[in-house]
Amino acid sequence: MTTQQILILIAVLIVLVLAVVGILVAIRKRRSQGDSERSGRAEEPGDGRSSLSPKSAASAAKSQAESQPGASRKFSSDGQAIHSASSASGASPNPDASTGSGAVDSKASIQSSSADQEAPSAQEELAHPEASASRMTRLKARLAKSPNPFGKALFAILTKDHLSESDWEDVEDTLLMADVGTEASEQLVKQLRDDARITGQKDPAAVRRGLRQRLIDLVDPNMDRTLVAARPQANRPSVIIMVGVNGTGKTTTAGKLARLFVADGKSVVMGAADTFRAAAADQLETWGGKVGVPVVRSDRDGADPASVAFEAAERAKNDQADVLIVDTAGRLQNKANLMDQLGKIRRVIEKNLPVDEVLLVLDATTGQNGMIQAQVFAQAIGVTGIVLTKLDGSAKGGIVISVQRELGVPVKLVGLGEGPDDLAVFDPESFVDGILGDE
């Protein structure tokens with residue numbers, strides 16, 4: 001092939017390449033024009049903005065706010081998100097420093113447009129908790145209907161025509177099985193034997209009256225069972241720290257307690273300082289949302305619980321709330337760590353507010369295991385009152401007596417069941433009437 005032929009071939013190839021390029025450019029231009037026309041049709045007439053719905057815009061705004069790296073979200077019951085500046089920077093307050101250096105940086109409050117739109121409906125859906133006055137009546141009825149309460153078993157033995165030594169041993173065994181405790185059981189048996197010897201009563205009604213009075217005396221009606229926050233001279237906010245082993249219903253009880261205060265017309269703030277159990281903060285926030293109670297929390301698992309407690313105390317103080325309820329973790333695997341953590345939480349809160357109450361939540365069905373738990377928490381933080389959950393299974397109701405004698409503090413609240421309002425202020429006479437089966 002000659003040089004002239006080679007040059008002609010190269011020229012032809014160049015022309016072909018240019019033609020192909022021209023065709024591709026024309027196709028891309030036409031596609032761009034089509035996209036522009038479709039975009040123009042999607043816009044509102046006379047408005048240069050995209051036709052996003054308000055809900056979509058709100059969701060986009062919320063997603064953008066939540067995507068900020070390192071931010072620690074806090075939520076109030078009305079959907080308001082509270083971002084802590086210190087959490088966003090990865091720092092937490094120094095709880096053991098002085099009040100000035102330990103204070104948390106000021107928090108910026110933001111609220112998405114969707115929260116604005118949904119706030120009225122959320123307020124309309126707030127629950128109306130049952131008044132505290134009627135709750136113990138339901139406890140009495142439930143105890144009376146429960147299978148084999150120990151009071152009925154005692155009554156069945158004591159109304160026999162002739163009580164033998166074996167019968168008295170059965171009385172003591174029944175008390176022990178009900179977790180009344182060894183010392184209290186021996187005391188009650190001795191008192192009942194003396195009564196039988198002195199009065200010689202065989203009338204069932206008289207026996208019931210005597211047994212009722214002895215049980216009421218053991219439960220001790222003279223103990224002051226009033227919650228500190230319910231007293232006329234209570235601090236405002238009055239601080240309650242909830243302690244107890246995970247699984248006893250501690251977080252649920254904190255939510256129910258908030259409902260109890262709301263039913264009595266008090267304003268409440270809750271702090272989710274159990275940062276180690278998965279979903280504990282979500283659980284508390286759900287309880288708060290139903291009755292309009294704000295919850296201060298951290299979205300980061302394993303966050304410093306004392307930091308959350310500190311911020312909760314600040315929020316309650318700034319809001320001038322009547323009550324602050326702080327939920328805490330309850331891991332007993334390492335008792336020393338538990339004591340350190342609870343002590344730190346209390347010290348941090350007291351930089352802002354005095355702690356008025358420490359309520360220990362115990363599962364009434366755990367029996368003497370609950371006594372061991374009570375001793376550990378009493379040593380760790382000090383306890384001012386007991387909350388007994390699952391007490392409607394009254395075969396173990398004697399723990400009311402044993403835990404009071406062990407710790408020297410009263411049972412103040414009892415859990416009646418799984419309903420949201422199944423928490424009541426403890427009343428000794430109603431309790432005894434319930435376990436005896438009185439209607």
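Okay, let's start with a term: buried means under 20% relative accessible area, exposed means over 50%, and partly exposed is whatever sits in between, using a 1.4 Å probe and protein chains only. With that in hand, F426 is buried, at a relative accessible area of 3%.

Quick word on where this comes from. This is a predicted model, so to speak of local features we need pLDDT of at least 70, and side-chain atom pairs count only at pLDDT 80 or more, while totals for chains, interfaces and linings use all residues. Residues are numbered from 1 along each chain as its sequence is written, and side-chain values use heavy atoms, with hydrogens and water left out.

Now, the whole chain. There are 17 helices and 11 strands; those are DSSP runs, H or I of at least four residues for helices, E of at least two for strands, numbered from the N terminus. Of the 439 residues, 43% count as buried. Contact here means heavy atoms within 4.5 Å, and among contacts between residues at least 6 apart in sequence, 76% join residues at least 24 apart.

Back to F426. What does F426 pair with? F426 and F431 form a tilted aromatic pair, 5.3 Å centre to centre, with 55° between the planes. Rings of Phe, Tyr and Trp (its six-membered ring) pair if their centres lie within 6.5 Å, and planes under 30 degrees apart are stacked, over 60 edge-to-face, the rest tilted.

Next up, a helix pair. Helix α7, residues 150–158, packs with helix α8, residues 165–177, at an angle of about 175°, axes 10 Å apart. That makes α7 roughly antiparallel to α8, a label for angles over 145 degrees; under 35 is roughly parallel, 65 to 115 roughly perpendicular, and the rest oblique. The axes are lines fitted to C-alpha atoms, for helices over the stretch in contact, and angles run from 0 to 180 degrees between N-to-C directions.

Who's touching? On α7 it's F150, A153, L154, I157 and L158, and on α8 it's D167, W168, D170, V171, T174 and L175.

Last stop: T159, in the loop between α7 and α8. Buried or exposed, or in between? T159 is partly exposed, with a relative accessible area of 24%. Leaving aside residues up to four places away in sequence, T159 touches P204 and V207. T159 and V207 are 48 residues apart in sequence, yet 6.8 Å apart in space, C-alpha to C-alpha.
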